[in-house]
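Hi,

Have a look at it first, then read on.

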Amino acid sequence: MLTDIEIAQNHVMEPITEVAKKAGLELDDLELYGKYKAKISDEAWNRVKDRPDGKLVLVTAINPTPAGEGKTTTTVGLGQALHRMGKNSIIALREPSLGPVFGIKGGAAGGGYAQVVPMEDINLHFTGDMHAITAANNLLCALLDNHMQQGNELGIDPRQIIFTRVLDMNDRALRNITIGLGGRLNGVPREDHFMITVASEIMAILCLSADLQDLKKRCGNILVAYNYKGEPVYARDLKAEGAMATLLKDAIKPNLIQTLEGSPCLMHGGPFANIAHGCNSIRATRTALKLADYVITEAGFGADLGAEKFLNIKCRAAGLKPDCVVIVATVRALKYNGGVPSKPKSALEEENLEALAKGICNLEAHIENIGKFGVPVVVAINRFASDTDAELDFVREACAKLGARCAMSEVFAKGGEGGIELAEMVLEEADSGKADFHPLYELEQPLENKIEIIAKNIYGAEGIVFTPAAKKELDRITALGYGNLPVCMAKTQYSLSDDAAKLGRPTGHTINIRAVRLSAGAGFVVCETGAIMTMPGLPKVPAAERIDIQEDGTIFGLF
């Protein structure tokens, strides 16, 4: 079979203006970025904003493994299947980060015959949103350091600076740095840090803002530091929000692209789900809901991360009520959770009902967890050629015992045709009226209680343990009046616990909260657990070593 990039490059795309018509958009609604990409204008939103919403379907997955689950591929394939069935549907995805593209995970445009295109553009610079977010973030940092250099009227304590610089690249050497060296002309010496752009508060703000003015207000609300008296200093105190919003004026507009089968896709925003809130922008989702009868969106990594944050943070902020949740699983990944190693790869391709029986608990946990939000679940088995009938029957039976319907998905190999069974099942559940969505906790509950609810109800933990520094910061955030914000957990994606090595469905564990920080602009409190890193590093053999470009401009090595 052809590689993902070969499939994408062999495909003849439709002009984006023709794709827009399928979504009910005209040329005047678009801001074109070449022939195959466009942003949707504010005028288009104003024209459709009073329409009734379509049905909302969230695609999530079991905990990711080296074997891969295919969540984005399933999302794209499901959208293609609905399009084939004549349904007015749109998919809404996140934008890829350059870090994973050049690191180990690869891009995020789907795979096989269930992709969004132009694949190379999407996985590289796209429409420049990531660069705008990086620039706005680092402008604030520059203004902060300049303020201290120019007399420090606000009395900012350089030992208590919260806001950090960002770069959309995996660069572990920048995690902890010293700046301002070289004498008085070069600034105030202090410790600083970098995180990856997609984990930044500016990314979260872009994705959670209703419009440009809301974005500007949220930028002003960013807590950047404390002064020598221990009082908070915000971005608005540095008069930064206007310039930041100016840099983001185009980035806040959703991007329109297409699937391999010509159906529309809105791709906008790209927060990581293990260290950020893991969902595409509210602007894109809301726009899609006004344009389509069915909107298929995804949230990053397993349901314990992206889906939990989608349901507790994004839905609450945007007033969304999902009608169905799809949980993607593979037989191979479930066997991995049951103890089969991922190397050699052939081990996962051998029938092993014993390992499947041990690993099925991971899927069961996610089904049960989504049920706690009152939304019906459909399990999509991303089928591989090595899956046996006995293994597939075992997964079906396990789902049936938990009251979740289960469908085969073969969209990687067959495109939309391979997702018809799944699409029919999703339509039935989304149209059934069974959804009674409710978040897992109330905002009025103390922060510590909200963290405990997530730890116990989603991660299956016995309790939580705070470091003294984390507990002190939690108390300070509450004293500042932010105790009613939702919680964004930063946790390993590989386990329901905060230990990546604990596969399946761990029990008897505690969740260790080592750091807490306020994202007042985004509107949530971040809790860093275990050994989670906000700036990833490159692997021993980065994907960048395989990526190249030919004389005629053809790119190869992307995946």
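Let me begin with the largest cavity, which holds about 50 Å³ of space. A cavity here is a set of points, on a 1 Å grid over the protein atoms alone, where a 1.4 Å probe fits but cannot get out. Grid points are joined across faces, edges and corners, and the volume is the space filled by probe spheres set on the points. The structure holds 1 cavity of 30 Å³ or more.

Before going further, please keep in mind that this is a predicted model, in which local features need pLDDT of at least 70 and side-chain atom pairs count only at pLDDT 80 or more, while totals for chains, interfaces and linings use all residues. Residues are numbered from 1 along each chain as its sequence is written, and side-chain values use heavy atoms, with hydrogens and water left out.

Which residues line the largest cavity? They are A199, S200, E201, A204, I275, A276, C488, R517, S519, F524 and V526; a lining residue has an atom within 4 Å of a point. Helices (H or I, at least four residues) and strands (E, at least two) are DSSP runs, numbered from the N terminus. By type, the lining divides into 7 nonpolar, 2 polar and 2 charged residues. In that count, Ala, Val, Leu, Ile, Met, Phe, Trp, Tyr, Cys and Pro are nonpolar, Asp, Glu, Lys and Arg are charged, and the others, Gly among them, are polar.

R517 turns up again in the second largest pocket, where it is one of the residues closest to the centre, along with I161, I162, T164 and H193. That pocket has about 940 Å³ of space, and 36 residues line it. A pocket is an open set of points with protein on both sides within 12 Å along at least five of seven lines. Two or more lining residues come from each of β7 (156-161), β10 (190-196), α19 (468-482) and β21 (510-519). This lining has 17 nonpolar, 8 polar and 11 charged residues.

Now for the chain as a whole. It has 19 helices and 24 strands. Its radius of gyration, taken over C-alpha atoms, is 23 Å, close to the 24 Å that the globule rule gives for 559 residues, so the chain is as compact as a globular protein of that length. The globule rule is 2.2 Å times the number of residues to the power 0.38. Along the principal axes, the C-alpha atoms fill a box of roughly 70 × 55 × 50 Å. Buried residues make up 59% of the 559, where buried means under 20% relative accessible area, exposed over 50%, and partly exposed in between (1.4 Å probe, protein chains only).

In soluble globular proteins, nonpolar side chains tend to be buried together. Here the largest nonpolar core has 137 residues, and V224 and L363 touch the most other members. Helix α7 (residues 129-149) gives the most to this core, with 8 residues. Such a core is a set of buried Ala, Val, Leu, Ile, Met, Phe, Trp, Tyr and Cys residues joined through side-chain atoms within 4.5 Å. Leaving aside neighbours within four places in sequence, V224 is in contact (heavy atoms within 4.5 Å) with L140, L144, I161, I162, F163, V233, Y234, A235 and L238. Another core, of 42 residues, lies apart from the largest one and includes V76, L260, M267 and M425.

Finally, some backbone details. Most residues other than glycine have a negative phi, and most peptide bonds are trans. A cis peptide bond joins V117 and P118, with omega about 10 degrees; P118 is in the loop between β6 (114-117) and α6 (119-123). Another cis bond, with omega about 0 degrees, joins K343 and P344.

K239 and F301 are not glycines, yet K239 has a positive phi of about 55 degrees, as does F301. Are they buried or exposed? K239 counts as exposed, at 72% relative accessibility, whereas F301 counts as buried, at 16%.

Enjoy exploring!
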